[in-house]
Amino acid sequence: MLAQPYPRFSAEEMKRRRAALAALAERAGADAILACGENRSGSAVGWLTGWPVTAEAIGVLDGEQPDVLLIQYHNHVPLARRIAFDFDVRWGGASTLDSLEARLAKKGAKTLGIVGVLGAAKQKRLARTFTLVDLNAAYTELRLVKSAEEIDWVRIGAWLSDLAVEALLGNARAGMDERALWRLCEDAYVGEGGTTWIHYFGATSMASPECCVPAQYPSTRRLAQGDVLFCEISAQFWEYPGQVLRTFTVGAEPLPLYRDLYAVAEGALDAMLGVAKAGVPAGELVAASGVIEKAGFTTCDDLVHGFVGGYFPPVLGSASRPAGPVPDMTLKEGMTLVLQPNVVTPDGRAGVQVGELIVVTRSGFERVHQVARELFRL
């Protein structure tokens, strides 16, 4: 797959997805489904067509063959025609909605199923002519369980993410700021065909901690001897990322507080992995993490979340920092979950991060990341 000019899923896989969305339309009484995306958001477009959204894209499933993909901008059309699977790719014209409405009017469509990102103004305009049905919850259900081909792509995303951690281990050092850490990560996987989903870092002095969780934007603060550094990294193979979370000390052994935090985080992760398998209620993952509260600590980040294609259920917080009601759902074979106990002190000043993406199996889980799990020293 890495050697292809642009990687593709098999024809059978793409037809499976189209059939799944067509079944949604039938159940919802929709004459057509619109898979919508804007400004590089909206995973349904890529999942349905193979074309990752750039500026704007609407895939139309209305029973007419071939299905049509309307995109902006005009100069994006040539590549979209090379990448999109079995779709008639067209420029959306001066107004994508004008082009869309003309097609739907010709078909006599009355009810539209909406999947993905569609702005309020566009929804309001379409609602003047059509009945709109929000199918995003149903689409999410389709994405929770990954096909065998999708898991192959996830394994590549995990490998790319591991390369970033290995680059940190080999090159990160005191004196670097977080922007330099971003560069190390991207240099490790961009040349292999990877792109960035996220690379978040947090760093603070172990002796006087002021940070407990990775930040979403890089700081100019420079690493110093005696720091602790923690990261959350997702490099992706097209729209299939891994996610790996690790903790490092900088030029020093961990202080007692950080040894304790890290030991509890590893214990919580092992306990959650010990119950993770198909058929297990999601709430058992929260119960397994109870070692965190028993040790007198809590969490800041979510404890568990579904991943790949979106930030999916089950989204679970710890007992002491809930993320809302625990969903009444069981794990299924083929789910991709991130287990990530971010164990922090009750005052929120100190913390560690550990965890990674797994694939749920019938008997347990598959570990797709290969980078070691330990409290590293840079």
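1. R18 is buried at 12% relative accessibility. Buried means under 20% relative accessible area, exposed over 50%, and partly exposed in between (1.4 Å probe, protein chains only). The model is predicted: local features need pLDDT of at least 70, side-chain atom pairs count only at pLDDT 80 or more, and totals for chains, interfaces and linings use all residues. Residues are numbered from 1 along each chain as its sequence is written, and side-chain values use heavy atoms, with hydrogens and water left out.

2. R18 forms a salt bridge with D86 (3.9 Å, N to O). The term covers a side-chain nitrogen of Lys or Arg within 4 Å of a carboxyl oxygen of Asp or Glu. This pair links distant parts of the chain: R18 is in helix 1, D86 in the loop between helix 3 (77-83) and strand 4 (87-91), 68 residues apart. D86 is partly exposed, at 45% relative accessible area. Helices (H or I, at least four residues) and strands (E, at least two) are DSSP runs, numbered from the N terminus.

3. Helix 1 covers residues 11-28. Its 18 residues should span 26 Å at 1.5 Å a residue, and the end C-alpha atoms are 26 Å apart, which agrees. The expected span is 1.5 Å times one less than the number of residues. G29 follows helix 1, with a positive phi near 70°.

4. Which residues of helix 1 are buried? They are E13, M14, R17, R18, A20, L21, L24 and A25. Seen down the axis, the buried residues of helix 1 fall within an arc of 155°, so they line one face. The arc is that of the directions from the helix axis to the C-beta atoms. On the other side, E12, K15, E26 and R27 are exposed.

5. The salt-bridge count comes to 25. K122 and E56 form one of them, at 2.4 Å, N to O. K122 lies in helix 5 (residues 120-127) and E56 in strand 2 (residues 56-61), so the pair ties together parts 66 residues apart in sequence. K122 is partly exposed at 22%; E56 is buried at 12%.

6. R125 and D98 also form a salt bridge, the closest N and O atoms being 2.4 Å apart. Shared partners join E13, R16, R17, R143 and E150 into one network of salt bridges.

7. S318 sits in the loop between strand 13 (312-316) and strand 14 (336-339). S318 is buried, with a relative accessible area of 1%. Contact means heavy atoms within 4.5 Å. Not counting residues up to four places away in sequence, S318 touches V286, E293, T298, T299 and L303.
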